[in-house]
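This report goes through the helix packing, the ring contacts and the backbone of one protein. Please keep the sequence and the 3D view at hand while reading.

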Amino acid sequence: MSARAAVFLAGFLAGFLAAAGALAQAAPPDPTQEAGRINARLAMEYLKRDQLDVAKEKVEKALVQNPKDANVQLSAGLVYERLRELKLAEKHFRQAMKVAPESPEVQNALGAFLCRNKQQAKGEEMFLKAAANPLYRTPFVAYTNAGVCARSAGHLEQSEQFLRQALKSQVDYAETYAQLAGVLHERGNNLQARAFVERYLAVAPPTPDMLFLGHTIETALKDTNAAAAFGERLRKEFPESEQARAVDRLEGGNPE
């Protein structure tokens, strides 16, 4: 899995935190259950800070207080995944599915876990289930996730199909553009890849990854001026990045 894909799928932590409130709204107002939800949210905050011991402590409390809450089960899955206790993590992700089988957020979270842990076919299945879920207001996210998952398995044609399906649902989602640019480049279609780099940069701030991809694509197209422009942007906007150093090595004739 590419670094960008790993970061994107890991971003489900932020998505889960955003979704947690929506899932919790339907829960009955019970002090013990509410304490469990609070501990689950605290576990996520500690997880973001890499305080894994405290995150584990909080999520274990949450599981005792409110084991039938999907957010609590998802929190446990994320914590145990970070602790590399993958069997236990998957148990909790699947328990969340049992608690809320029609939740697209839960479907997405399980799909991301499966994809991150080399079960791409099962992950794609979950993403497509989420995309088809009438309760899901952002199916383009699920289609993009499916594209990332297929790409991580080396299934570039399938990845492109999923990503183009995402475009049909939402035409200005920056991550779809980024992933399509990468997939098309890997498939040797650099003219279209160039177009998606341009579309990404028109709707989102530049990143070292995207500027380096632009440089790589223009180099493949033998447009030395365009490649140099991307290299200059990297040096100016992200001078300390590994991508800027890589361009310096490449343009200096030393790819090592």
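At what angle do α10 and α11 pack, and how far apart are their axes?

## Packing of α10 and α11

In this predicted model, α10 and α11 pack at an angle of about 150°, and their axes are 10 Å apart. The two helices are therefore roughly antiparallel to each other, the cut-off for that description being an angle over 145 degrees. Their crossing is left-handed. On the α10 side the contact is formed by L156, S159, E160, L163, R164, A166 and L167, which meet T176, Y177, Q179, L180, V183, L184 and E186 of α11.

T176 belongs to helix α11 and, with a relative accessibility of 0%, counts as buried. When neighbours within four places in sequence are set aside, T176 is in contact with T144, L163, A166 and L167.

## Packing of α13 and α14

A second pair of helices is formed by α13, which covers residues 208-220, and α14, which covers residues 224-237; their axes come within 7 Å and cross at roughly 160°. That angle makes α13 roughly antiparallel to α14, and α13 passes α14 in a left-handed crossing. The residues of α13 that make the contact are P208, L211, F212, G214, H215, E218 and T219, while those of α14 are A226, A227, F230, G231, R233, L234 and E237.

## Aromatic rings and a charge over a ring

How many aromatic pairs does the count give? With ring centres required to lie within 6.5 Å, the count comes to three aromatic pairs. In one of them, F140 and Y173 have ring centres 5.0 Å apart and planes at 65°, so this pair is edge-to-face. The pair links distant parts of the chain, since F140 lies in helix α9 (residues 139-152) and Y173 lies in the loop between α10 (156-169) and α11 (174-186), 33 residues apart. F140 counts as buried at 11% relative accessibility, whereas Y173, with a relative accessible area of 22%, is partly exposed.

A ring and a charge also come together at Y46 and R49: the charged end of R49 sits over the ring of Y46, at 5.5 Å from the centre of that ring.

## Residues with positive phi

Most residues other than glycine have a negative phi. Against that background, R84 has a positive phi, near 65°, and is not a glycine. R84 is placed in the loop between α5 (70-82) and α6 (86-99), and R84 is exposed, with a relative accessible area of 57%.

## The protein as a whole

The protein has 15 helices and zero strands. Of its 256 residues, 48% count as buried. Among the contacts in the protein with a separation of 6 or more, 54% are accounted for by residues 24 or more positions apart.

Key: Residues numbered from 1 in each chain as written. Predicted model: local features only at pLDDT ≥ 70, side-chain atom pairs only at ≥ 80, totals over all residues. Heavy atoms only, no water. Phe/Tyr/Trp six-rings, centres within 6.5 Å; stacked < 30°, edge-to-face > 60°. Helix = DSSP H or I, 4+ residues; strand = E, 2+ residues; numbered from the N terminus. Buried < 20%, exposed > 50% of the residue type's maximum accessible area, 1.4 Å probe, protein only. Lys NZ or Arg CZ within 6 Å of the ring centre and 35° of its normal. Contact = heavy atoms within 4.5 Å. Axes fitted to C-alpha atoms, helices over the stretch in contact; angles between N-to-C directions. Parallel < 35°, antiparallel > 145°, perpendicular 65-115°, else oblique. Left-handed = near helix turned anticlockwise from the far one by under 90°.
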